[in-house]
Amino acid sequence: MRIRTLAGAVAAVFVLSSPVVGGQAVAVRTADSAAPSGETRVLTYDTGRAGEFASAVDRGAAIWNDSLDAVELRPAAAGEAADIRIVVVDGWPRTVPGGLGSGTVYFGRAAVAEGHSTVRIAAHELGHVLGLPDRKPGPCSELMSGASAGPSCRSTLPNAAERAEVEEKFERAPAGLFM
């Protein structure tokens, strides 16, 4: 779903092959190189307190990035206030949303100890920050079914309905909400 990445690459090739005027390359905007109608909302996350699960959170964020066009999750830069904070706890995972696109994910060791996939936990909890509720009980094919799918479930991908719901929420959200 990373159409904008392809569009960026095409635009870069276009700029590099553009005519040169006064020693500067000139880009001419055409209908093909116009910006997409929907704005990608960038949300940052902080794994500074994610402990041994930081790489699982990065993989969970990458799963959402590969699944969505309206939202991109990026690690926060050093000293930057993050939209999403990840904190390791000994109990069960949970998320306390702070509104669409923000909140705190408590990455629980208890679920990992029972055999649940760390990447599935990360992607599921990030799904809450992206506006999705738990859907329990549910099948393994639904990311938001969470632990109700059982510890043998290794599916980490949001299904089509989950992806569409996030896309719609972020496309409807006011532009000033995410800065």
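**Note on helix packing and the nonpolar core**

1. Helix 2 passes helix 4 in a right-handed crossing. The model under review is a predicted one. Helix 2 covers residues 54-67 and helix 4 covers residues 118-129; their axes lie 8 Å apart at an angle of about 55°. The two helices are therefore oblique to each other.

2. On the side of helix 2, the contact is made by A56, V57, R59, G60, A61, I63 and W64. Helix 4 contributes T118, V119, A122, A123, L126 and G127.

3. The largest nonpolar core holds 29 residues, and the members that touch the most others are W64, V71, L73, I84, I86, L130 and V166. At least two residues of this core come from each of strand 3 (41-49), helix 2, strand 4 (71-75), strand 5 (84-89), strand 7 (103-108), helix 4 and helix 5 (160-172). Helix 4 supplies the largest share, five residues. In soluble globular proteins, nonpolar side chains tend to be buried together.

4. With neighbours within four places in sequence left aside, I86 is in contact with D46, T47, R49, A50, V57, V105, F107 and L126. Of these, V57 belongs to the helix 2 side of the helix contact and L126 to the helix 4 side.

5. The C-alpha atom of E72 is separated by 4.8 Å from that of V42, although the two residues are 30 residues apart along the chain.

How values were computed
Residues numbered from 1 in each chain as written. Predicted model: local features only at pLDDT ≥ 70, side-chain atom pairs only at ≥ 80, totals over all residues. Heavy atoms only, no water. Axes fitted to C-alpha atoms, helices over the stretch in contact; angles between N-to-C directions. Helix = DSSP H or I, 4+ residues; strand = E, 2+ residues; numbered from the N terminus. Parallel < 35°, antiparallel > 145°, perpendicular 65-115°, else oblique. Left-handed = near helix turned anticlockwise from the far one by under 90°. Contact = heavy atoms within 4.5 Å. Core = buried A, V, L, I, M, F, W, Y, C linked by side-chain atoms within 4.5 Å. Buried < 20%, exposed > 50% of the residue type's maximum accessible area, 1.4 Å probe, protein only.
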